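Here's a quick tour of a protein model, from the whole fold down to a few side-chain pairs. Have the viewer open as you read.

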Amino acid sequence: MESSEPVCEIINRLFEYDLDEIIQKIFLSLDPLSLKNCKCVCSEWFEFIQKRLWNSKPAKKLLNKRLLNQWKFSEPFITDYDEGTTGVNFVVCDNEIIVCGYTRGQARVYDIHTGELKFQLQCNSQPMRIYDGVQLDLGRNVIGSVTDTGTVTVWDRRDGTMLYQDKHHGEHESVFGIKVTDEYILTGAGNGSLYMLESIGNEWKITHEMFENKEGVTHIDADGKWAVTGTRKSIKLWDLEEHKMVENVKLVKVKVWMLSFIYPHAFVVGGEDWNGIQIWDLAKCVQIRHISQDGKPFHNIHSNGRFLTVSEFNDTWAGDNNEMCSVEVYDVLELIDPKVAEKNLWKKSFDYSPGQYFEQINAVSNTTSLVVSHASKISILNFWKDRISPSREFLISIDIIDAGEDIDVGEVEIEDDIIDMGEDETDDEDLVWRTPEGSGQDEDEDT
């Protein structure tokens, strides 16, 4: 503390003389962890950093450039949470929570900074002893879930209160896709139908039903007014303002396992059907590239707007030969630029053991971190490096926990003798990517 006092005194003198530009440069020169700590010194420092860095477009542009460089060229801070629960089918996250969907109709919501279980969601009408995989999506206020057996549910993300639950595609129809936005929730089913739900008078209701597509939906994604459906035969583009499928002269023929969409580009993986990643321009109905040089099949794909994450498909039984599966991260802007040769694409790879019995690894990302579920663990790879959080191991003492019910979670091990340097949600929320033109994202945000 003594060594920091002269520095604090110098900066306080700069404040006295209103040398804001110099102070701004000093704070911008700090690493993210030090910058976060400076916000805790006093209210004057906090207010200056908030106003002159996070609320300043030129300063935030520099911070976003640093974030981009750290994603690409630095090693992340890594935190492992062993949640004691295997069988993860699907993962979503943002800067506050991680939600894991499991294989028997449940989902669990974890705090991203501590790994602690907040509550569990029963995503079908009753617990099942057979396979019933859960897929998910996150919005600002709600969590959306669908199950293979067709149950669609909307939850309050604050406490897990159920806001809507129904098999609106049909009692015996499987549902394989859900997209949550600020305006609507979109679901797609095995009979090809799309349903749109909207919040009307604080009640979620079906507002549009679309039956033009006759091919079974395997996955969906949306970007503002545009949506895409993937099937075992093709990708179809939808105009959600007109609530109809876009008629294209040329069919986009690809067998879709899962896809991610930033208009007009669709990023597709083929699971056990084909290897690599395909990128399509749906406005022109042309394939931009097919990355398959490593010969790996991928089953999971996700984009945070700037980086694309894919997870290798695991086809081994009981961890045969200690097989590892990879998570690969690409730069979206490079992927959609035909001028960038495949051999020159930037890529980062991370290897994980998927566990036993054909379990899969699932990787997603928020603005600052890569989140990977593998076996019973969730790994957080923080590239912004503004906090140091301990790796922890938890013991879940009960199998099924209803939303809103008290949770008995025992922490049995802390692996690192380090502490979280404090919460500051504003920093994470203010660092955002500019997505490619026409994506519907905020064009004022700089990368």
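## The big picture

The protein chain has 7 helices and 31 strands, both taken as DSSP runs numbered from the N terminus (H or I, at least four residues, for helices; E, at least two, for strands). Of its 447 residues, 55% are buried; buried here means under 20% relative accessible area, exposed over 50%, and partly exposed in between (1.4 Å probe, protein chains only).

This is a predicted model, where local features need pLDDT of at least 70 and side-chain atom pairs count only at pLDDT 80 or more, while totals for chains, interfaces and linings use all residues. Numbering runs from 1 along each chain as its sequence is written, and side-chain values use heavy atoms, leaving out hydrogens and water.

Take H2, residues 20–28. Ile 23, Gln 24, Phe 27 and Leu 28 are buried there. They span an arc of only 135° around the axis, so they sit on the same side of H2; the arc is that of the directions from the helix axis to the C-beta atoms. Glu 21 and Lys 25 are exposed, on the face turned away from that buried side.

## Salt bridges

There are 23 salt bridges in the structure, each being a side-chain nitrogen of Lys or Arg within 4 Å of a carboxyl oxygen of Asp or Glu. One of them pairs Glu 9 with Arg 13 at 3.5 Å, N to O. These two are 4 residues apart in helix H1 (residues 4–16), so about one helical turn separates them.

Asp 20 bridges to Arg 52, with the closest N and O atoms 3.3 Å apart. Since Asp 20 lies in H2 and Arg 52 in helix H4 (residues 43–54), the pair ties together parts 32 residues apart in sequence.

Then there's Glu 334 with Lys 72, at 3.7 Å, N to O. That pair connects helix H6 (residues 332–335) to helix H5 (residues 57–73), 262 residues apart. Both Glu 334 and Lys 72 are buried. Salt bridges with shared partners join Lys 72, Arg 306, Asp 331 and Glu 334 into one network.

## Around Ser 376

Ser 376 sits in the loop between strands E28 (369–374) and E29 (377–382). With a relative accessibility of 17%, Ser 376 counts as buried. Its side chain makes a 2.8 Å polar contact with that of Asp 82. Such a contact is a pair of N or O atoms within 3.5 Å; within protein, one must be able to donate a hydrogen and the other to accept it, and residues adjacent in sequence count only if both atoms are side-chain atoms.
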